[in-house]
Amino acid sequence: METRSHLEKILKKGHFAVTCEMGPPKNADIEILKKKTKILKGYVDAVNITDCQTAVVRFSSFASAIIALSEGLEPVMQMTCRDRNRIGIQADLLGAWGLGIRNLLCLTGDHPKFGNHPQAKPVFDLDSIQLLSLVKGFKEGRFINGEEIKGEKPNFFAGAAANPFADPFEFRVKRLAKKVRAGAEFIQTQIVYDVERFKRFMELAEEEGLLDKVYILAGITPPKSFGMVRYMKYNVPGLMVPDELLKRMKEAKDPKEEGINIAVEIIQQVKEIPGVKGVHIMAIEWEEAVPEIVKRAGLHPRPMEPEIQPPFVVEKVVEVEKIVEKPVEKIVEKVIEKPVEVIVEKIVEKPIEVEKGLEGEEEMDKIKGVSIEFLIEMITNLKAGLKNLQSGMEHIEETLAEIEKQLLGRKPKKIEKVFRKIEEIPEKKVEKIAKEERKEKEIKEIKTEVKVEAKPEIKPEIKVEEKPKEEKEIRKPKKEIKEKVEDIGKTGFKGTYRDLKTRAEGLSEDLYIDKSSGKIVEVEIGKGEKAFKVGGTEVLPFYSFEGNTGQPLKIAMEILDIVPEDWPETLTKYFSDVFHDPGLWAKKCVEEYKAEAIGVYLIGTDPNFKNLDVKHAVEVVKKVKEAVDVPLIIWGSGNAEKDVEVLREVAEVIGDRGSVIGPIVEANHRTLGATAIGYDLPVVASSPIDVNLAKQLNILLENVGVNLDKILMDPSVGALGYGIEYTYSVMERIRIAALYAQDIKLQAPFICNVGREVWKTKEVGLPTDDLWGEAEMRGIMMEAITTVCLALAGGEIFIMRHPKAIELAKILFNSLS
Amino acid sequence: MIVAERRHLSEILKNIEPYNKVLILGCRGCVAICSTGGDREVEIIATALRIARKRQGKPLITYEATLIRQCDPEYLANLPELMKDAEAVVSLACGVGVNLIADLYPDIRVYPGVDTLFFGANTQLGVWQEKCRGCGDCIIDLTAGLCPIARCPKNLLNGPCGGSQNGKCEINPENPCIWHLIIERLTARGELDKLNEIWEPKDWRTYLGESPRKRIREDLIKNNKREG
Ligand code: SF4
Ligand code: SF4
């Protein structure tokens, strides 16, 4: 019997074959590959080496296959049509055959869009079936152009993939037949979870008379977690996951164990289906599971040891490496002293010792039935788990202690060092004091030093209750709002920050990382030194573990063109000295409250309110422009017609500052859009809480010539308790569409006009009382929390009013990011 | 038609920075139909450019004209006349028009005002979709009139790939899997057997292999000569 590879031999002899998949690393470390090979050796007949699967750049399949070969594990080299044209493919195949690779899997390949280089030009000169024909042509001694191969001809044991679960179902078998005709000798199928459908597929294949012509290996993947199967069910095209399986994984106490059980069960079931000649195990980034599955499925030990001829260069590769481990001088000596052949011999000698050691280890492994690596990893995981548990317990303890203290006024010892702030403040009574004379204490800005926990469920501790009376009484320091806000910064978020990666240790990344393929455009606001950009994120809000979160969030402070009439005293007291002059007002915001941008609300121009004229607006804007150098956001009254009149003239004044103008609505998009492109200004596109209307307005604006990188979307926001949930869900939907459905027309950043919504609510106007607590803190909290909610929904720039609310919002942003 | 998209104003501005008098030249062909380079757009862009330049303190004089086609020397014949006072021209035609101007009038400084995208159909108001890639060797006689070169992201000739599900393309589920449609059509016509044949690799020379491509009709050339 002529066979070219070990895998072929196993299949031809009628043994039930076992292959599995090995993903090369995303770096140049061959040790990783060697380690993986060691785990798998002896458990599988051949190992598939993926060719940059999912279009992510990795150690090449060709080179990895050579490493596997040199480690004594037979590779199945995968070759896709995505990255090479027919010239490149043929060249690699000649090389691969020459170096001793015998099994080849011919694939079309995943589109670059799914990978980490979506910008790449996809090649797809051939498709998988044409690639199979090409390989067949090689056997017959022809290149794809018909030219004869003079000399050694590659004669691969050629395979292909088949997906019994993709559509159209009936055509799937026909396509399989095509592959067989094109030269496929073995087939590895897509993951089988739906055994019934797979059975039907096999029956159809039988009817087509394919079962005698090709060896079919069923694809097996042990599910690792409930999240993974759910992901596969809903997000992987061409994969069918029965609900039953979802349920099992959901209820499993030990999901990994259950996953292995499931894999073993499926192997046993498919083994009974006529025509199934083996299994192909794809344990994605979980190669350690393979030996376990093979053993439990009763497929270990493998029927035959492979006789593998290592590629001739590899001995040298191994040698070079071994030498490097030794002191440098010696190497030099050896290299100089001895002719090449001798060195090679030497090398072969040395590794033998090492190999012996390895064999010993392997023996041990066999006794225990688990590989050492597997054990080590298990123990590490266990350790990490215990540590997590411990820190969790500590946290609960702290919290309990805090509650105890609050309720009983006790000061438990255990937590003293954690609650540094509390310790400093001697005795406190829970007193409510309606109005306090405000004296700004000069307390230096203390930056948040406590490392923050990114978990959203941890709420800031806000000490509203501390209200001692006299400043002179040092033992009862007075707590100003400012300090309270700072307190949050200092003690609000406890615990040590551990990034998601650490917390999800042991889980494969693709279970919790769902990278988007879209990107929010960046909009530049303002000109010159103080200009900034918003947008640019490629992930959902604060998902920094998934990728680039883009530009930092920004907050603009709002001023009005008139003296505010309905602002509560808790807000006016910060600005009443400058209400008379918008210029001074803006200056105070920038100099005293460090505003990074100023929002100018031209409310006085509203025809239904004061109906002030264009001249007034222009004057106000001029004053502000001259007073401050930060970017401006000019917000008209919201009356579509009046805004056209007003903003046109205003644009003339602020054009050179690159200020934002808005709101543009559908009714005035043409005229205001033209103004905006004329002066090259970013705009606020306002739409009434609706995904489609938001999109439509963006499209309309683009048609006029306003590009997306000049648009800030205002989805119309509501304050906490005043419809924020609608805003939230619409924003969230827009953002998901923009990032995950590549809805490019929605890829603009959000602007949220928070201040005006919050400060008109009833709650901020109510006086301090026992039930509602202190008035000012209430307003601050409402504004800050509204802002944070909207940031969680995707908001990028916020217009706010209360200086302390802004401070608090910033602290919360910092803690979250 | 050839579908194009208006370039960013700042790019156009950068191109015409050195000039004070510029001709904005539209085209009544495809770009007018896809609302990118017709009379209306010429007016909008000219206005926008003037305002922008006024703001920069370098006022711009614009001349506006729209030709029947810019891809035909005949219609370009009076371009020098239109350019009498202008120092440069921003063409809102597709890349073909811009190239032809550059070929015919080496002294005229011509800049593209649009990005040329693809050959497409106007499937609904405001939506254009690519349908053909001009591969030079049409195969859609075998695929029920649906083009796998332009409409399958992997250009499969022996599709569909394993990602086709529920009739949608795995690359972008907003698009149909064109191979799914092809199979549906051929099944309905009782011609599915056509697909049993293995489709040979395409000869891409007619597409990208020997560009720029040229088409010659000897008879027309001869007639032309006789007349001329
Ligand atoms: S096969 Fe070529 S010419 Fe025919 S429609 Fe497709 S791209 Fe156009
Ligand atoms: S799903 Fe269909 S259209 Fe999309 S790449 Fe696959 S075969 Fe082509």
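Trainee: Where is Pro168(A) placed in chain A?

Mentor: Pro168(A) belongs to the loop that runs between β5 (157–162) and α6 (169–182) of chain A. Helices (H or I, at least four residues) and strands (E, at least two) are DSSP runs, numbered from the N terminus. The model is predicted, so to speak of local features requires pLDDT of at least 70 and side-chain atom pairs count only at pLDDT 80 or more, while totals for chains, interfaces and linings use all residues. Residues are numbered from 1 along each chain as its sequence is written, chains are lettered from A and ligands numbered from 1 in the order in which they are written, and side-chain values use heavy atoms, with hydrogens and water left out.

Trainee: Is the peptide bond from Asp167(A) to Pro168(A) cis or trans?

Mentor: Most peptide bonds are trans, and most residues other than glycine have a negative phi. The bond from Asp167(A) to Pro168(A) is cis, with omega near -20°. Gly662(A) and Pro663(A) are also joined by a cis bond, with omega about 0°. Pro663(A) is part of strand β14 (residues 660–664) of chain A.

Trainee: Is phi of Ile689(A) positive or negative?

Mentor: Ile689(A) is a residue other than glycine with a positive phi, near 30°. Its place is the loop between β15 (683–686) and α25 of chain A.

Trainee: How do α24(A) and α25(A) pack?

Mentor: Axes are lines fitted to C-alpha atoms, for helices over the stretch in contact, and angles run from 0 to 180 degrees between N-to-C directions. The axes of α24(A) and helix α25 (residues 691–704) of chain A are 9 Å apart, at an angle of about 55°. The two helices are therefore oblique to each other; angles under 35 degrees count as roughly parallel, over 145 as roughly antiparallel, 65 to 115 as roughly perpendicular and the rest as oblique. The contact (heavy atoms within 4.5 Å) involves His669(A), Arg670(A), Gly673(A), Ala674(A) and Ile677(A) of α24(A), with Leu697(A), Leu700(A), Leu701(A) and Val704(A) of α25(A).

Trainee: Which residues of α24(A) meet α3(B)?

Mentor: They are Ile677(A), Gly678(A) and Tyr679(A), which meet Ala48(B), Ile51(B), Ala52(B) and Arg55(B) in α3(B). The axes of α24 (residues 669–679) of chain A and α3 (residues 39–55) of chain B come within 7 Å and cross at roughly 45°. These helices are therefore oblique to each other as well.

Trainee: At what angle do the axes of α2(A) and α3(A) cross?

Mentor: Helix α2 (residues 30–40) of chain A and helix α3 (residues 61–70) of chain A cross at roughly 50°, with axes that come within 10 Å. That makes α2(A) oblique to α3(A). Ile30(A), Leu33(A), Lys34(A) and Thr37(A) of α2(A) make the contact with Ser64(A), Ile67(A) and Ala68(A) of α3(A).
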